[in-house]
Amino acid sequence: MFAFLAASSAHRSWTVESLPLASSRARQAVSSTSHSPWNMESRAGCAFGNWTLCTCAFCRFITLVGIFALSVLPESLPSKTAPRASNPEPFSSDFSESVLDEAIAKKADMIVNHHPYIFHPIKKIISTEYSTRLIIKAIKNDITVYAAHTNLDNVRDGLNFVVARELGLNDIGFLEQTTENSGSGVTGTFATPMDETDFLQFVKDKLQIGAMRYSHTTGKKIHRVSICTGAGAFLCNKALEIGSDAFITGDVRHHEFYIPDNRMLLIDAGHYETEQFSRRWFMEVIRKRFPDVAVEYAESGVNPIGFLH
């Protein structure tokens with residue numbers, strides 16, 4: 001995981017909101033801003049534009065995005081001209097207790113994470129269960145929890161584009177386009193094709209992968225590469241269809257490694273590893289749009305999966 005910390009000087013109220021529970025307050029926060037999905041000038045809760053806060057317009061599946069625990073009223077969230085706060089605000093791939101404890105210790109007001117904390121309806125909130133204990137702790141400590149998930153994955157210049165650029169690809173476009181500015185995965189090319197073995201080592205080093213799985217090598221040069229961060233094996237056939245020499249994703253299941261049929265190199269680079277650059281995206285956007293808000297990566301954000309070498 002990775003996390004980021006930001007602060008506001010806002011007056012707070014004791015409320016809890018969750019988009020899965022049809023939060024009216026979160027929706028009000030969105031409706032108070034421009035309806036343009038590219039509005040990056042709106043206030044803190046909408047810091048990343050409406051597309052990160054409300055609808056699933058840019059989501060591949062029914063996924064949950066936006067505010068999951070709200071401890072400040074939308075009207076009291078900091079504006080771009082608010083005085084700089086002294087407390088930082090954390091960003092994390094996953095909302096975990098270690099990240100929450102760090103946010104509490106640093107007196108942060110908000111945790112921004114990539115993965116939504118609530119995937120399924122909550123029927124009870126009790127302190128003895130891990131999942132709901134964190135919700136209780138966040139509310140008691142007035143910490144807002146915010147997630148931008150597959151909307152960040154599937155938007156133009158979102159996470160998939162960031163990873164493609166990190167790998168040095170050119171002519172980057174959507175692998176499976178939905179609208180002009182949204183789609184699933186990306187595809188691009190290298191200026192100079194790479195040997196397959198060199199490419200595998202390059203990806204492992206660039207993404208800092210502890211142990212990388214891949215399908216049987218094809219013996220071909222790697223020129224066109226397709227990417228889907230997180231769990232994207234559902235796009236494997238699409239990557240084959242457009243003539244990809246390699247497809248990088250995570251969470252590939254055993255039988256899915258047979259799909260390339262020696263025509264394409266399929267790499268399971270890891271869920272965390274392919275999404276680690278989301279913290280850079282969040283950091284850059286918040287610092288650019290809200291220069292008076294203190295932000296930093298949480299030190300406790302780590303990959304939840306270990307490797308035995």
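Arg280 has a relative accessibility of 32% and therefore counts as partly exposed. On this scale, buried means under 20% relative accessible area, exposed means over 50%, and partly exposed lies in between, with a 1.4 Å probe and protein chains only. The model is a predicted one, in which local features need pLDDT of at least 70, side-chain atom pairs count only at pLDDT 80 or more, and totals for chains, interfaces and linings use all residues. Residues are numbered from 1 along each chain as its sequence is written, and side-chain values use heavy atoms, with hydrogens and water left out.

What does the side chain of Arg280 meet in a salt bridge? The partner is Glu166, at 2.8 Å from N to O. A salt bridge here is a side-chain nitrogen of Lys or Arg within 4 Å of a carboxyl oxygen of Asp or Glu. This pair links distant parts of the chain, since Glu166 lies in helix H5 (residues 159–166) and Arg280 in helix H9 (residues 278–289), 114 residues apart. Helices (H or I, at least four residues) and strands (E, at least two) are DSSP runs, numbered from the N terminus.

I turn next to a pair in strands. Asp268 forms a salt bridge with Arg213, and their closest N and O atoms are 2.6 Å apart. Asp268 belongs to strand E11 (residues 265–268) and Arg213 to strand E8 (residues 213–214), 55 residues apart, so distant parts of the chain are again linked. Asp268, at 7% relative accessibility, counts as buried, whereas Arg213, at 41%, counts as partly exposed.

My last topic is a pair of helices. The axes of helix H2 (residues 97–105) and helix H3 (residues 130–140) come within 11 Å and cross at roughly 10°. Axes are lines fitted to C-alpha atoms, for helices over the stretch in contact, and angles run from 0 to 180 degrees between N-to-C directions. H2 and H3 are therefore roughly parallel to each other, a term for angles under 35 degrees. Their contact (heavy atoms within 4.5 Å) is made by Glu97, Leu100, Asp101 and Ile104 of H2 and by Tyr130, Arg133, Leu134, Lys137 and Ala138 of H3.

Which residue forms a salt bridge with Arg133? It is Glu97, with the closest N and O atoms 2.7 Å apart. Glu97 counts as buried at 16% relative accessibility, while Arg133 counts as partly exposed at 26%. Glu97, Asp101, Arg133 and Lys137 are linked in a network of salt bridges. A search of the whole structure finds 13 salt bridges.

Methods. Angles under 35 degrees count as roughly parallel, over 145 as roughly antiparallel, 65 to 115 as roughly perpendicular and the rest as oblique.
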